[in-house]
Amino acid sequence: MISDTTTDPAQKIFGIGLSKTGTTSLARALHKLGYPTKDFPSIIYKPHRLVGLNEEQLHHYTAFTDISVVPFYKELDKRFPNAKFIYTIRDKKEWLASCAHYPRFNRSVFSLPLNIIKLRQEIYGTVKFDEEKFAAAYEKHHKDVMKHFKDRPTDLLVLNICEGQKWQPLCQFLQEPQPEEQFPFANVRVNGHA
């Protein structure tokens, strides 16, 4: 549980998309926009439970992306009432195919640290890729996010980087000028799919 006794008045940005939805690209884009960004912030883990994100990183950085943010987004929303949330999505079928080929989802459980095991169990219901469980996790997370931010369009941006949404919606949401340089796509496989 993230402590809500200390609040940071600075605006925070939290990327709350699942793995393989453009989270690394989002992190690079936020960095290019001038936001100190931590991709995959560290998790505070105690035996058998995830406690929260690393407090030092929460104070040091402005933007946070990747799956380690996902379990805590509702608590972070309470703690940082002025925060902006960016929910990266992609076509579910393409997402499942990308996850199936992602080497980190196919490693032996014995090679993973306990916090990663617990994180994946909590989000995906499994440690290694399982199409049925991942599909269910995708649907559950989508419903939860949309319900939590219902009627709050200024707090949540749904961004499909994999379908070509780039600087324009991101910069409009954050009220930032749009860079002239290309959007920083990352983790794209040779066949063009992330």
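How many bridges join β2 to strand β5? Three bridges do so, and β2 and β5 (residues 63-65) run parallel. One of the pairs is Asp-39 with its bridge partner Thr-65 in β5. Strands here are DSSP runs of E with at least two residues, helices are runs of H or I with at least four, and both are numbered from the N terminus. Two strands count as paired if DSSP finds at least two bridges between them.

The model is predicted: local features need pLDDT of at least 70 and side-chain atom pairs count only at pLDDT 80 or more, while totals for chains, interfaces and linings use all residues. Residues are numbered from 1 along each chain as its sequence is written, and side-chain values use heavy atoms, leaving out hydrogens and water.

The pair β2-β5 belongs to an open sheet of five strands, in the order β2-β5-β1-β6-β7, with parallel pairing. Its edge strands, β2 (37-39) and β7 (156-159), each pair on one side only. On average, neighbouring strands are turned by 15° against each other, direction ignored. Angles are taken between N-to-C directions, from 0 to 180 degrees, with axes fitted to C-alpha atoms, for helices over the stretch in contact.

Helix α1 packs on this sheet and touches β1 (13-15), β2, β5, β6 (84-88) and β7, its direction making about 165° with that of β2. Contact means heavy atoms within 4.5 Å. Helix α6 (residues 131-148) lies across β6 and β7, running at about 150° to β6.

Helix α1 (residues 23-32) also packs with helix α7 (residues 167-174), at an angle of about 55° and with the axes 12 Å apart. That angle makes α1 oblique to α7; oblique is what remains once under 35 degrees is called roughly parallel, over 145 roughly antiparallel and 65 to 115 roughly perpendicular. On the α1 side the contact is made by Leu-26, Ala-29, Leu-30 and Lys-32, and on the α7 side by Trp-167, Leu-170 and Leu-174.

Helix α7 is mostly covered, with six of its eight residues buried, that is, under 20% relative accessible area with a 1.4 Å probe, counting protein chains only. These are Trp-167, Pro-169, Leu-170, Cys-171, Phe-173 and Leu-174. Their cover includes β1, α1, β6 and β7. Just after α7, Gln-175 takes a positive phi of about 55°.

Gln-57 sits in helix α2 (residues 55-60). Its relative accessible area is 13%, so Gln-57 is buried. Leaving aside residues up to four places away in sequence, Gln-57 touches Lys-38, Pro-41, Ser-42 and Phe-64.

Methods:
Buried means under 20% relative accessible area, exposed over 50%, partly exposed in between (1.4 Å probe, protein chains only).
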